[in-house]
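Hi,

Here is the structure I promised to pass on. Have a look at it first, and my notes follow below.

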Amino acid sequence: MENFLRVLQLLLVAIVLVGCQSVQRKVVVVDSQTGVPVSGAFVYAYSYDAFDPLASHGLYLTDSNGEVAVKERCRNFAVSAGKEGYNYVKYAEPAVLEGNTLVSKLKLTPEEISGRYPVRIEMFRKFPSDSKTQSIVKQMYNYFNKRNIYMATVGEPYIVEVEVYVVDADTNEPVNDAMLFVRSGSFANGHYEDIVATNSDGIAKVSIDLVSPSLRIDTGKEGYQPTKKFWKDQYKRGSYIVYLSKSKKSGSKSIVLGDTSEFSKRKTNIRLWERFKAYYQKAGGSFKYLRETR
């Protein structure tokens with residue numbers, strides 16, 4: 001059976017190879033308003049089919065005709081492009097067969113300079129380390145950085161330090177020495193947990209996995225009700241805010257922990273964690289552990 005599966009896999013690869021070699025691919029980048037070719041635009045071409053045995057990706061720069069020949073020719077082809085002065089475009093028009101070449105056209109829209117860009121993340125496959133590719137990566141980084149966009153790598157965590165501001169919900173004054181139990185990532189692919197306290201300005205710094213779909217912050221301080229709520233500043237990188245109330249209760253008071261080797265339900269030598277546990281349980285909260293390793 002193992003030999004049969006191996007032969008079948010090789011046959012599928014051969015079939016895809018034949019299909020890929022039959023046509024070439026070209027990307028054309030033009031100005032959406034004038035139709036004029038856009039030279040020097042960076043082009044990210046890739047196959048997004050996870051089951052494609054020949055899936056690849058590459059970075060290119062368009063020539064004086066706004067064109068570039070790409071090697072990613074197989075099924076489920078995707079492409080995006082950008083250049084200073086234009087918005088980043090992630091979708092091309094349906095490819096058109098011209099002779100033996102599949103042509104994908106992207107229309108870049110001239111950018112309206114607003115000065116305010118919402119923070120977002122763009123995901124890319126890991127790029128090769130050769131100097132030509134890295135030169136394009138640097139161009140892309142500068143482009144995205146000006147627009148408040150993080151460049152992250154598919155399948156890898158993106159650990160950044162963020163600031164969390166804790167303020168009194170009634171007075172809007174900063175709350176010093178407030179405790180924040182922060183978790184990000186997943187139990188399957190890497191889980192990050194930390195307990196921190198705010199300084200005299202009501203600010204706490206903590207590292208999180210930026211690309212994780214799950215970010216949890218439990219905040220509290222003696223005399224205040226614990227809360228799970230927080231808000232993200234949509235126009236500032238790494239900035240979050242928490243409002244603590246002395247009277248308003250905020251729903252569930254249960255925390256699920258994964259890595260209990262450090263933040264154990266048993267006695268630990270982490271003073272801030274022991275303080276947070278005592279505070280949280282006194283406020284009616286509870287801890288649920290997936291496993292206990294101590």
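Helices here are DSSP runs of at least four residues in H or I, strands are runs of at least two in E, and both are numbered from the N terminus. On that basis, the protein chain has 3 helices and 18 strands. Bear in mind that this is a predicted model.

Some overall numbers: the chain has 294 residues, and 41% of them count as buried. If you take contacts between residues at least 6 apart in sequence, 67% join residues at least 24 apart.

Now the inside. The largest nonpolar core has 20 residues, and those with the most contacts inside it are Val164, Val166, Leu180, Val206 and Ile208. Strands E10 (159–168), E11 (179–186), E13 (203–209) and E16 (239–244) each supply at least two residues of this core, and the largest share, 4 residues, comes from E10. A second, separate core of 16 residues includes Val38, Ala41, Ala45 and Ala81.

Leaving aside neighbours within four places in sequence, Val206 touches Val160, Glu161, Val162, Val164, Val182, Asp194 and Val196, all by the contact criterion.

Met123 lies in strand E8 (residues 120–124).

Cheers

Conventions: Residues numbered from 1 in each chain as written. Predicted model: local features only at pLDDT ≥ 70, side-chain atom pairs only at ≥ 80, totals over all residues. Heavy atoms only, no water. Buried < 20%, exposed > 50% of the residue type's maximum accessible area, 1.4 Å probe, protein only. Contact = heavy atoms within 4.5 Å. Core = buried A, V, L, I, M, F, W, Y, C linked by side-chain atoms within 4.5 Å.
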